Amino acid sequence: MSHTFDEISQQLKRRHRKSSRLKWITMGSLGLAGLFLVLFFADMLTKGLPAFQQAYVQTEISYNEEAETDGRQAFDEELLPIISRTVVRVIPMELRNNPDMIGTSEEQWVLANSEVDQYLKGHRNSLSAEEQAAIDERVEAGQVDMRFNTTFFTNGDSKIAENAGILAAVVGTVMTMIVTLAIAFPIGVMTAVYLEEFAPDNRFTQIIEININNLAAIPSILFGLLGLAIFINFFGVPRSSPLAGGMTLALMTLPVIIISTRTALRSVPDSIRHAAFGVGCSRWQVVRDHVLPLAMPGIMTGSIIGLAQAMGETAPLIIVGMVAFIPDVGASFTNAATVMPAQIFTWSGEPEQAFVEKTAGGILVLLTILISLNAFAVVLRKKFERRW
Amino acid sequence: MQTNQLLLIFCGALLLLGLLAFFAGRSKATRLRSAGTAMFAQPDQYAWFTVLSTAGPAILVGAVGAFILLLLGADIPTLYLLAASLVVAAIGLVVSLNQVRPDFHARQAIERVIRKILAGAALISIFTTFGILFSIISEALRFFQMHSFWDFITGTTWNPGASFLASAGRGDGSGAEFGSVPLFAGTFMITAIAMLVAVPIGLLSAIYMSEYAPRSVRTVAKPVLEVLAGIPTVVYGFFAAITVAPIIVNIAGFFGLDASYNNALAPGIVMGIMIIPFISSLSDDVINSVPDSMRQGSLALGMTKGETIRDVVVPAALPGIISASLLGMSRALGETMIVVMAAGMRPNLTANPLEDMTTVTVRIVAALTGDQEFASAETLSAFALGLVLFIVTLALNLVSVLMIRRFREKYRANNL
């Protein structure tokens, strides 16, 4: 079967069209992935940013005798439905602690309740039309105002939406991460040093290597099962504690640190080792004084990335019980605590509309911390990376 | 706490002994050297040797003792154990001080000890694997003593409710059924949806980045894609439940279909987005290491660039691409938070992705966060499910490693 030149050039055109179509398709899918990312962040920002604003009410608090037993007596009756219950609740205790305040009064901006807050942000709420109109009037009069939500950053969890904050979870995360790093960093670096610098190339070493790669790919929830069965049930580590959670996460982070440390050690050229051996160093002295210091930026970068990964991990922590309701900022490694992702998970299960915003706000805080950690790792690598 | 105070005193005493060992060892070595004898090592090395042989055996005795205490339930009071450990430390101190002699190779001795410590650290990763295996298998075996293995694998009803009554002393638990088929059906359905999203987008993005994109686009696009993998799964779960699921319900409603708010599509799609970078980054590496001679040969034969990619580059890179997809799949199977937050709780054997269905990981979380006692069948069933999950993901990972190794050997690609 023979073709005329015309037919062939027609065919060629078709083939080239097809070829350029592939380029556009591949470009489109990369764009699609980017679009997902943009949509995702836009969605989180629109949902979460309002959480950093909170409605406040200007009111006169009159510290009278009745208020010592019933906090509601201190406020204007009309304002009571829009003031947060938490503000009212602390009045009697405050008076009992400072009896000489009785008889005085003061003008203050206090937390509004979450329904008012949600209404002012234009979200779904349970206020009736008259109540909404009344609030609009007060906004006109300057008695109700939106302000920066400090409560969100200074409080622990609460069942009352406007009083819930992320501080307890942040402190819990910091304590858990201290445990994780304290265990995973030394053991990870030591393992990597052994495998790269000391280990003979035998069966045992190969088994360890395969095992580490395999550990890196095991679903995180299985580490939770290990933490529950071994750390909590067998060794008796207190459930829900940063210690239990940190140990579990440490085992999960270990492969990440080992793999990145090995890469960092491998990038130190052999000439350094040869020179050190040449002046009579023993193997340990070579590693301690020459190889490790040169590999340190790479090791730190890898560890920070591993830490960021552990910080966002939730599933194993749920299994070891770190989803507890923690209203107070914890102070001990063995007391029940919660972490940021677990707090986000808890809030996402609350039915109130106000908690949707809290959840997204918590997500923004978590993402900000994770992105800054990763950016810090990148900067560290850029600044100290040496090309040999 | 009595034990805490004891432990504190013990640590203090050990620290003191260590300091004593360091300075005693060093002063002895310095004295010997200033007397004019030639020595095999520096004074500091002798000092560290005495410290290591003081603290090392003591900590070892303490650790072994604590382990025996916990494992065998032997009744040794903590006080005696710590005292014994301190005695060992003191003996170590005396013996090692005696060793500080000019003809003793302190540096080599340190070297040997350090090598052992490092090897010990490397063993911890092995212990972790064994720990996971041991904890899962032992609890799973307890579960299989209560319920038959065969029913677990082939049963189509998952209804652990009655086991709760049995553990509370009411009923005999015979009504509880642990048939895992609906859980695995749900898991594979959501995984399949995720792969349908992730494989095409991930692979095509990888092709664009390695074959078409200018260097500037590549340096930006790669880390931006990695961001997708760095977002915590709990955040994806929220996104799937709050944003994606309602959209899907609305779209389904537009076509006159009835979708559940816990439909399988939302977690599947979001999980797919999460897996894109796993697939694109490994595929990108693999496509980059396909030798250029193959592209040149194909172009020289008059094939267009598109045909070269489709008929030469991608088939050559296929083992690596499959390997990347398998890794992504194992990631999807074990993913927990997205499905816990966005998929349903009801075990449901169906092929309709718009219905709610549950997964293995959801049931594990549900079983372990309830108020049940640990020995109840429902709690133990979590470990049986975990065992199956472990085996499946392990198999996927191993196959993936074998595929990538074959690719590496074929093209001698060293960067993988």
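User: How much of chain B is made up of buried residues?

Analyst: A residue is called buried under 20% relative accessible area, exposed over 50%, and partly exposed in between, with a 1.4 Å probe and protein chains only. In this predicted model, buried residues account for 48% of the 416 residues in chain B. For chain A, the share is 50% of 388 residues.

User: What conventions apply to the numbering and to the values?

Analyst: Residues are numbered from 1 along each chain as its sequence is written, while chains are lettered from A and ligands numbered from 1 in the order in which they are written. Because the model is predicted, local features need pLDDT of at least 70 and side-chain atom pairs count only at pLDDT 80 or more, whereas totals for chains, interfaces and linings use all residues; side-chain values use heavy atoms, with hydrogens and water left out.

User: How many helices and strands does chain B have?

Analyst: Helices (H or I, at least four residues) and strands (E, at least two) are DSSP runs, numbered from the N terminus. Chain B has 15 helices and two strands. Its radius of gyration is 30 Å, well over the 22 Å that the globule rule gives for 416 residues, so chain B is more spread out than a compact globule. That radius is taken over C-alpha atoms, and the rule is 2.2 Å times the number of residues to the power 0.38. The C-alpha trace of chain B spans about 95 × 75 × 35 Å along its principal axes.

User: Which helix of chain B is mostly covered?

Analyst: Helix α14 of chain B, residues 360–369, has eight buried residues out of ten. Among them are Val360(B), Arg363(B) and Leu368(B).

User: Where does Tyr411(B) lie, and what does it touch?

Analyst: Tyr411(B) belongs to helix α15 (residues 377–411) of chain B. At a relative accessible area of 17%, Tyr411(B) is buried. Contact means heavy atoms within 4.5 Å. Leaving aside residues up to four places away in sequence, Tyr411(B) touches Ser289(B), Pro291(B), Met294(B) and Ala316(B).

User: What does Gln45(B) touch?

Analyst: Gln45(B), in helix α2 (residues 43–71) of chain B, has a relative accessibility of 13% and therefore counts as buried. Not counting residues up to four places away in sequence, Gln45(B) touches Gln285(A) as well as Ala106(B), Arg107(B) and Ile110(B).

User: How is chain A divided into domains?

Analyst: Domain bounds come from an automatic or database domain assignment. Chain A is divided into domain 1 (50–149) and domain 2 (167–384). The contact between them takes eleven residues from domain 1 of chain A and eight residues from domain 2 of chain A. The C-alpha centres of these two domains lie 44 Å apart.

User: Where is Ser240(A), and is Ser240(A) buried or exposed?

Analyst: Ser240(A) is in the loop between α8 (220–232) and α9 (242–266) of chain A. With a relative accessible area of 10%, Ser240(A) is buried. The phi of Ser240(A) is near 65°, a positive value in a residue other than glycine.

User: How many helices and strands are there in chain A?

Analyst: Chain A contains 14 helices and three strands. Its radius of gyration is 30 Å, well over the 21 Å given by the globule rule for 388 residues, so chain A is more spread out than a compact globule.
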